[in-house]
Amino acid sequence: MGNSSALEDELLTVSEIAAALKVPVSWVYERTRRSGCDRIPHLKLGKYLRFRWAAVRQWLEGLNQD
């Protein structure tokens, strides 16, 4: 995902995160239900899930340290 300064603060939808990570939407939902370090960081706004790109990027970087 390109323009990092605007994107860092923007709340992204499940579809936007799936597109950015090039994975199915179902994969993103499944990762929100996991526990521990396998759980993708997200916010719940009622029934809606939202993501901060900076937190997701940091989570991805942590996965590569195994």
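Predicted model: local features only at pLDDT ≥ 70, side-chain atom pairs only at ≥ 80, totals over all residues.
Figure 1. The crossing formed by α2 and α4 is right-handed. Helix α2 spans residues 14–21 and helix α4 spans residues 53–63. The two helices pack at an angle of about 40°, and their axes lie 12 Å apart.

**Figure 2. Residues at the contact of α2 with α4.** From α2, the residues Ile-17, Ala-20 and Leu-21 take part. They meet Trp-53, Val-56 and Leu-60 of α4. By class, the residues of this contact comprise six nonpolar, no polar and no charged.

**Figure 3. The largest nonpolar core.** This core contains 12 residues. Its members are Leu-12, Val-14, Ile-17, Ala-18, Leu-21, Val-28, Ile-40, Leu-49, Phe-51, Trp-53, Val-56 and Trp-59. Two or more residues come from each of α2, β3 (48–52) and α4. The most are given by α2, which supplies four residues. Ile-17, Leu-21, Trp-53 and Val-56 belong to this core and also take part in the contact of α2 with α4.

**Figure 4. Setting of these elements in the chain.** The chain has four helices and three strands, which follow the pattern α-β-α-α-β-β-α along the sequence. Of the 66 residues in the chain, 26% are buried. Among contacts between residues at least 6 apart in sequence, 45% join residues at least 24 apart.

Note on methods
Residues numbered from 1 in each chain as written. Heavy atoms only, no water. Axes fitted to C-alpha atoms, helices over the stretch in contact; angles between N-to-C directions. Left-handed = near helix turned anticlockwise from the far one by under 90°. Contact = heavy atoms within 4.5 Å. Nonpolar A, V, L, I, M, F, W, Y, C, P; charged D, E, K, R; others polar. Core = buried A, V, L, I, M, F, W, Y, C linked by side-chain atoms within 4.5 Å. Buried < 20%, exposed > 50% of the residue type's maximum accessible area, 1.4 Å probe, protein only.
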